[in-house]
Amino acid sequence: MNRKGLLLAALFMGTALVVPMAASANPQVSVGVKIYDRDHKDYHVWDDHEVKFYDGYRHDHPEFKVDFRKNNREQQRAYWQWRHDHHD
């Protein structure tokens, strides 16, 4: 086998070994939805991070035992007020 053939074989084998490892090393991307807060005139991204805050809020406020989107407007306003008072 000549040098070009050895080089191509080495590149092919290296790529075949590295690509699966690189693909598995990428963390999962969390996709969020933007929600507008009318009182504070800003947007909040509802993602895994915000779900953790909401779960903590629900633990302290037993009347909020449903998903955020199922709450009425007053309950949502109360959550966003609390959220602005409890930053990351």
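The largest pocket in this predicted model has a volume of about 220 Å³, where a pocket is an open set of points, on a 1 Å grid over the protein atoms alone, with protein on both sides within 12 Å along at least five of seven lines, and a cavity is a set of points where a 1.4 Å probe fits but cannot get out. The volume is the space filled by probe spheres set on the points, which are joined across faces, edges and corners. Rolling a probe the size of a water molecule over the atoms shows where empty space is left. The lining, made up of residues with an atom within 4 Å of a point, consists of Ile35, Tyr36, Asp37, Arg38, Asp39, Phe68, Arg73, Gln76, Arg77 and Trp80. By class, the lining comprises 4 nonpolar, 1 polar and 5 charged residues, with Ala, Val, Leu, Ile, Met, Phe, Trp, Tyr, Cys and Pro counted as nonpolar, Asp, Glu, Lys and Arg as charged, and the others, Gly among them, as polar. Strand S1 (33-37) and helix H3 (73-85) each supply at least two of the lining residues, and H3 gives the most, with 4.

Residues are numbered from 1 along each chain as its sequence is written. As the model is predicted, local features need pLDDT of at least 70, side-chain atom pairs count only at pLDDT 80 or more, and totals for chains, interfaces and linings use all residues, while side-chain values use heavy atoms, with hydrogens and water left out.

Beyond its neighbours within four places in sequence, Asp37 is in contact (heavy atoms within 4.5 Å) with Asp42, His44, Trp80 and His84. The C-alpha atoms of Asp37 and Gln76 are 8.8 Å apart, although the two residues are separated by 39 positions in sequence. Arg38, by contrast, lies in the loop between S1 and strand S2 (42-46) and is exposed, at a relative accessible area of 52%; its C-alpha atom is 9.4 Å from that of Trp80, 42 residues away along the chain. Lys41 occupies the loop between S1 and S2 as well, is exposed at 62% relative accessibility, and has a phi near 50°, a positive value in a residue other than glycine.

In helix H3, Arg83 is buried, with a relative accessible area of 8%. Residues up to four places away aside, Arg83 touches His49, Glu50, Phe53 and Asp88.

Overall, the chain contains 3 helices and 2 strands, arranged along the sequence as α-β-β-α-α; helices (H or I, at least four residues) and strands (E, at least two) are DSSP runs, numbered from the N terminus. Of its 88 residues, 17% count as buried, and among contacts with a separation of 6 or more, 39% join residues 24 or more positions apart.

The mean pLDDT, the predictor's confidence in each residue from 0 to 100, is 80 for the chain, and 73% of the residues score at least 70. Confidence is highest in H3, at a mean of 93, and lowest in helix H1 (residues 3-25), at 62. Where pLDDT is low, the predicted coordinates should not be read in detail.

Key: Buried < 20%, exposed > 50% of the residue type's maximum accessible area, 1.4 Å probe, protein only.
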